[in-house]
Amino acid sequence: MTVVLRFVDKNGYIQERLFYLIHVKETNALYLKGAIEECLLAHKLNIENIRGQGYDGASNMRGEWSDLQALFLNECPSAYYVHCFAHKLQLALIAASRDVIYVYHFFSKLTFIVNIITSFAKRHDQLQAAQLAEIERLLELEELEAGKEKNQIGTVKQAGDTRWGLHFGSLNSFLNVYNASCSVLQTVIKEGKGAQRGEADKAYDDMTSFEFVLILHIMIQILGITNDLCQAFQRKS
């Protein structure tokens, strides 16, 4: 568990600092409260001086009666609870995406495609080899600039459902290896066995469709904006 303190310094400026990392064996509210109290008291910080508390909105944190924020609020009436704005943005994105059928299907297809490409170590090696061949081809055509730390080989990343900030990185990484991923799927279609060929063929059809590519670029633009906003919410004051 990470403890971050926000405070007003002697000059009247709001400061925010990473304070402590606590190893917790349980996640119930009472245990977490005890761990935080022990941490603060060990550094001679009085619980009664808390003027606010913020968490990611998990059920054991935000409950009004017996969860973490309520336990602190009972002892310190000034410790007002604020749901993390960055996390609220993530939840809003999840709810909105599930309500748009095209976007919902897009991410379902993307998850399927990534699973096909990353399910075996051999395919990961094939992906790297395909990227290397693509980079060499583009360098020969002078469509890429050579140099240190440029044209690095990447991989596809799976994005978690509750951390939509990761989706932006996931989509960018997928776009960077798009051609290489197509090459890997074509190899599986030709050389795979049994159901592997059918799954790879479906994944290839999905990712090369106009609708999929269009939504991929649109979502990168949208998530780029929301990612900047999310970072701003988390930025140190």
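**Helix α3 (residues 68-75) has L68, Q69, A70, L71 and F72 buried.** Buried means a relative accessible area under 20%, exposed means over 50%, and partly exposed is in between, with a 1.4 Å probe and protein chains only. This is a predicted model, in which local features need pLDDT of at least 70 and side-chain atom pairs count only at pLDDT 80 or more, while totals for chains, interfaces and linings use all residues. Residues are numbered from 1 along each chain as its sequence is written, and side-chain values use heavy atoms, with hydrogens and water left out. Which elements do the buried residues of α3 pack against? Their partners are α1 (29-42), β3 (53-55), α2 (59-62) and β4 (81-83). Contact here means heavy atoms within 4.5 Å.

**The whole chain, for orientation, holds 10 helices and four strands.** Helices (H or I, at least four residues) and strands (E, at least two) are DSSP runs, numbered from the N terminus. Reading from that end, the order of elements is β-β-α-β-α-α-β-α-α-α-α-α-α-α. Of the 237 residues, 35% count as buried. Among contacts between residues at least 6 apart in sequence, 58% join residues at least 24 apart.

**Y31 sits in helix α1.** Is Y31 buried or partly exposed? Its relative accessible area is 29%, so Y31 counts as partly exposed. Leaving out residues up to four places away in sequence, Y31 touches H23, V24, K25 and E26. L68 is 37 residues from Y31 along the chain, and the C-alpha atoms of the two are separated by 9.1 Å. L68 is also one of the buried residues of α3.

**K44 belongs to the loop between α1 and β3.** Look at the backbone here: K44 has a positive phi of about 60°, although it is not a glycine. Most residues other than glycine have a negative phi. K44 is exposed, with a relative accessible area of 79%.

**Helix α8 (residues 178-191) and helix α9 (residues 195-207) have axes that come within 8 Å and cross at roughly 150°.** That angle makes α8 roughly antiparallel to α9. Angles under 35 degrees count as roughly parallel, over 145 as roughly antiparallel, 65 to 115 as roughly perpendicular and the rest as oblique. The axes are lines fitted to C-alpha atoms, for helices over the stretch in contact, and the angles run from 0 to 180 degrees between N-to-C directions. The crossing of α8 past α9 is left-handed; that term applies if the near helix is turned anticlockwise from the far one by less than a right angle, and right-handed applies if it is turned clockwise. On the α8 side, the contact is made by Y178, S181, C182, L185, Q186, V188 and I189, and on the α9 side by Q196, R197, A200, D201, A203, Y204 and M207. How do the residues of this contact divide? There are nine nonpolar, three polar and two charged. Ala, Val, Leu, Ile, Met, Phe, Trp, Tyr, Cys and Pro count as nonpolar, Asp, Glu, Lys and Arg as charged, and the others, Gly among them, as polar.

**A203 is a residue of helix α9, and it is buried at 0% relative accessibility.** Setting aside neighbours within four places in sequence, A203 is in contact with F112, I113, I116 and L185. T111 lies 92 residues away along the chain, yet the C-alpha atoms of A203 and T111 are separated by 9.9 Å.

**Helix α5 (residues 101-118) and α9 have axes that come within 10 Å and cross at roughly 135°.** The two helices are therefore oblique to each other, and α5 passes α9 in a left-handed crossing. K109, F112, I113 and I116 of α5 meet E199, A200, K202, A203, D206 and M207 of α9. Six residues of this contact are nonpolar, none are polar and four are charged.

**Helix α6 (residues 121-140) and α8 have axes that come within 8 Å and cross at roughly 130°.** This pair is therefore oblique, and α6 passes α8 in a right-handed crossing. From α6, the residues taking part are R123, Q126, L127, A130, Q131 and E134, and from α8 they are N179, A180, S181, S183, V184, T187 and V188. They divide into five nonpolar, six polar and two charged.

How many disulfides does the structure hold? There are zero, a disulfide being a pair of cysteine sulfur atoms within 2.5 Å.
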